[in-house]
Amino acid sequence: MNTFDLNLLPVALAIYEERSVSGAARRLGMSQPAVSVALNKLRTALGDPLFVRTARGMEPTPRAATLISPTRDILQRLQSDVLASEQFNPASTDRRFTLALSDIGEMTFLPRLLERLRRDAPNASICSVSMSPPELQLALEQGEVDLAVGYFPDLKNRNFFQQRLFSHSFICLLSAAHPYRPRKMSMEQFLKMGHAVIKAEGRSQDLFEQFLVRQRIQRRVVMSTPHFMSIPFLIAGSDLMATVPRAVGESFAQFAAIKLVEPPLEIQRFDLKQHWHRKYAKDGANAWLRSVLAELFSAP
């Protein structure tokens with residue numbers, strides 16, 4: 001077995017079923033001389049003529065006949081178990097999908113994704129996790145996390161694939177009762193205001209903070225917090241302002257007494273993407289989930 005060429009088995013099966021070397025060649029997409037060479041290798045390896053030319057074509061010897069049944073079984077199992085593409089049926093799956101999301105990512109992606117799952121994959125469930133970059137890379141590689149969705153600048157390794165979903169901008173938040181009325185904040189007012197600042201290192205919010213540093217813009221920071229979820233309540237009940245990703249601000253405005261005001265700066269937009277490990281690029285369930293997210297959130 002160490003020297004036997006398993007690639008010769010399909011040739012033996014084709015000759016057996018076609019009863020001719022030329023017929024086997026057509027079936028396998030090979031030249032007739034190549035099939036003859038393969039047959040000679042089989043004869044040498046097994047010490048038997050295997051097929052004998054008769055008036056009815058190439059008739060198998062008893063040795064060839066014993067070879068055909070296990071060969072057919074091996075090739076059929078290879079085709080069905082290994083080579084056949086995986087069929088994933090969302091309607092019947094009870095799989096739990098695990099997504100790496102930030103807290104603002106949950107607000108942006110989960111409501112519409114859960115709605116789609118209730119419709120197309122009613123028995124599936126979602127688990128949202130938050131990890132450090134090294135932990136996330138390992139979890140994606142091991143299949144413990146299916147997708148990282150949002151802003152993950154650390155996932156740059158060549159083993160990770162990514163797909164852009166849409167670009168994000170920033171928006172300013174003020175209390176609905178705040179006397180400032182214009183739809184766009186002036187730079188003078190921006191610098192005059194007291195600011196509530198979210199310190200979320202490594203997240204999209206950090207892009208805004210880095211932008212201000214590069215522009216040498218210094219605000220009057222009244223308070224800072226690592227958490228987003230307290231912001232709408234702090235803003236609604238004070239005269240402070242905050243600058244957050246636009247989708248986050250729009251979500252906050254649905255349940256808190258705040259209003260949205262355009263910032264006075266041309267702030268760098270950033271891409272939100274879905275990331276997955278190359279090991280699971282062809283996985284049926286993973287591919288289906290990626291297609292759902294792309295359909296729900298992709299923008300030009």
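1. Let's start with helix 2 and helix 3. In this predicted model, helix 2 (residues 21–28) packs on helix 3 (residues 32–46) at an angle of about 110 degrees, and their axes are 8 Å apart. The two helices are therefore roughly perpendicular to each other, since 65 to 115 degrees is the range for that label.

2. Helix 2 brings V21, S22, A24 and A25, which meet Q32, V35 and S36 of helix 3. By type, the contact of helix 2 with helix 3 divides into four nonpolar residues, three polar ones and no charged ones.

3. Five strands make up an open sheet with mixed pairing, in the order 4-3-5-12-6. Strand 4 (125–129) and strand 6 (160–168) are the edge strands, each pairing on one side only. From one strand to the next, the twist averages 25 degrees.

4. Strand 3 (residues 96–100) and strand 5 (residues 147–150) run parallel and are joined by two bridges. A100 stands opposite A148 of strand 5.

5. Which helix lies across the strands of this sheet? Helix 5 (residues 103–120) does, lying across strand 3, strand 4, strand 5, strand 6 and strand 12 (270–277). Relative to strand 4, helix 5 runs at about 165 degrees.

6. Not counting residues up to four places away in sequence, L289 touches F97, L99, L113, D146 and L147.

7. Which of its residues are buried? They are Q205, L207, F208, E209, F211 and L212. Among the elements covering the buried residues of helix 8 are strand 7, helix 7 (187–192), strand 8 (194–198), strand 10 (242–245) and strand 12. After helix 8 comes R216, whose phi is positive, near 55 degrees.

8. Is A121 buried or exposed? This residue lies in the loop between helix 5 and strand 4. A121 counts as buried because its relative accessibility is 0%, and the cut-off for buried is under 20%. Leaving aside neighbours within four places in sequence, A121 is in contact with P90, T93, R116 and W288. For a sense of distance, the C-alpha atoms of A121 and F190 are separated by 46 Å, with the two residues 69 apart along the chain.

9. Finally, R116, one of the contacts of A121. R116 lies in helix 5, and counts as buried because its relative accessibility is 11%. Not counting residues up to four places away in sequence, R116 touches A121, V292, E295 and L296.

Terms used. Residues are numbered from 1 along each chain as its sequence is written. This is a predicted model: local features need pLDDT of at least 70, side-chain atom pairs count only at pLDDT 80 or more; totals for chains, interfaces and linings use all residues. Side-chain values use heavy atoms; hydrogens and water are left out. Axes are lines fitted to C-alpha atoms, for helices over the stretch in contact, and angles run from 0 to 180 degrees between N-to-C directions. Helices (H or I, at least four residues) and strands (E, at least two) are DSSP runs, numbered from the N terminus. Angles under 35 degrees count as roughly parallel, over 145 as roughly antiparallel, 65 to 115 as roughly perpendicular and the rest as oblique. Contact means heavy atoms within 4.5 Å. Ala, Val, Leu, Ile, Met, Phe, Trp, Tyr, Cys and Pro count as nonpolar, Asp, Glu, Lys and Arg as charged, and the others, Gly among them, as polar. Two strands pair if DSSP finds at least two bridges between them. Buried means under 20% relative accessible area, exposed over 50%, partly exposed in between (1.4 Å probe, protein chains only).
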